[in-house]
Amino acid sequence: MPSYNPFSHPHICTLKKYQEKDMSLEKMMFTDYPYLNWIYNNLERYRDKIIVETLITIGENPPVTGVCRSCKSQIASTICFYRADFLTSRGRTMNNNFEARCAKCEEEYLNRGHKHMSTGIQFSSILNFDTAQDRNIFVKKLKYAIGAPARLSNESAAKYFYDLFQSIE
Ligand SMILES: [Zn+2]
């Protein structure tokens with residue numbers, strides 16, 4: 001067990017976009033993932049880059065605890081969204097009728113000819129959506145599926161990632 005633990009406290013974002021906003025990198029995983037992804041891909045010398053890299057890496061495989069919203073018995077394995085080519089530039093949008101589902105219910109739903117798509121239960125799936133509104137709806141379903149705190153604060157988000165980090169040590 002290494003003595004250094006990157007999630008021992010919330011890490012406040014020091015970049016210009018969030019200057020004086022008291023916003024932690026952990027909370028941004030939920031509220032502004034595209035920006036963290038940009039940091040990850042573009043900033044070589046960002047002070048807290050190791051934190052961003054760790055958050056993004058462990059955010060790819062969070063344990064799923066939410067049950068399927070259709071059968072209410074199996075653990076969910078996917079989150080569905082609506083495909084409507086006329087609605088967004090990339091033809092993807094989220095609305096409240098779409099939920100976390102298990103593989104079996106997902107297959108039945110598809111077999112009935114519904115026009116929708118589904119995505120993995122992981123933070124990078126947020127990048128499927130172009131608008132803040134769609135991303136916010138998706139994040140609600142993601143939080144349900146992974147058992148993340150419904151009320152996000154710098155501290156509650158940091159605790160979520162701290163626990164996740166400990167669980168994979
Ligand atoms: Zn199901």
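In which handedness of crossing does helix 2 pass helix 3?

1. Model and confidence. This is a predicted model, and the mean pLDDT of the protein is 87, with 87% of its residues at 70 or more. Confidence is highest in helix 1, at 97, whereas it is lowest in strand 2 (residues 92-93), where the mean is 64. Where pLDDT is low, the predicted coordinates should not be read in detail.

2. Overall make-up. The secondary structure of the protein comes to 6 helices and 4 strands, and, read from the N terminus on, these elements follow the order α-α-α-β-β-β-α-β-α-α. Of the 169 residues in the protein, 32% are buried. When contacts between residues at least 6 apart in sequence are considered, 65% of them join residues that are at least 24 apart.

3. Geometry of helix 2 and helix 3. Two packed helices are described by the angle between their axes and the distance between the axes. Helix 2 (residues 33-42) and helix 3 (residues 49-58) pack at an angle of about 120°, and their axes are 10 Å apart. That angle makes helix 2 oblique to helix 3. As for the opening question, helix 2 passes helix 3 in a left-handed crossing.

4. Residues at this contact. On the side of helix 2 the contact is made by L36, N37, I39 and Y40, which meet V52, E53, L55 and I56 in helix 3. By residue class, the contact of helix 2 with helix 3 divides into 6 nonpolar residues, 1 polar and 1 charged.

5. Backbone at E20. Although E20 is not a glycine, this residue has a positive phi of about 65°. E20 is placed in the segment before helix 1 (25-31). Is E20 buried or exposed? E20 is exposed, because there are 5 other C-beta atoms within 10 Å, and a residue counts as exposed at 12 or fewer.

6. Backbone at D22. A positive phi also occurs at D22, a residue other than glycine, with a value near 50°. D22, too, has its place in the segment before helix 1.

Key
Residues numbered from 1 in each chain as written. Predicted model: local features only at pLDDT ≥ 70, side-chain atom pairs only at ≥ 80, totals over all residues. Axes fitted to C-alpha atoms, helices over the stretch in contact; angles between N-to-C directions. Helix = DSSP H or I, 4+ residues; strand = E, 2+ residues; numbered from the N terminus. Parallel < 35°, antiparallel > 145°, perpendicular 65-115°, else oblique. Left-handed = near helix turned anticlockwise from the far one by under 90°. Contact = placed C-beta atoms within 7 Å. Nonpolar A, V, L, I, M, F, W, Y, C, P; charged D, E, K, R; others polar. Buried ≥ 20, exposed ≤ 12 C-beta atoms within 10 Å, placed from the backbone. pLDDT = per-residue confidence, 0-100.
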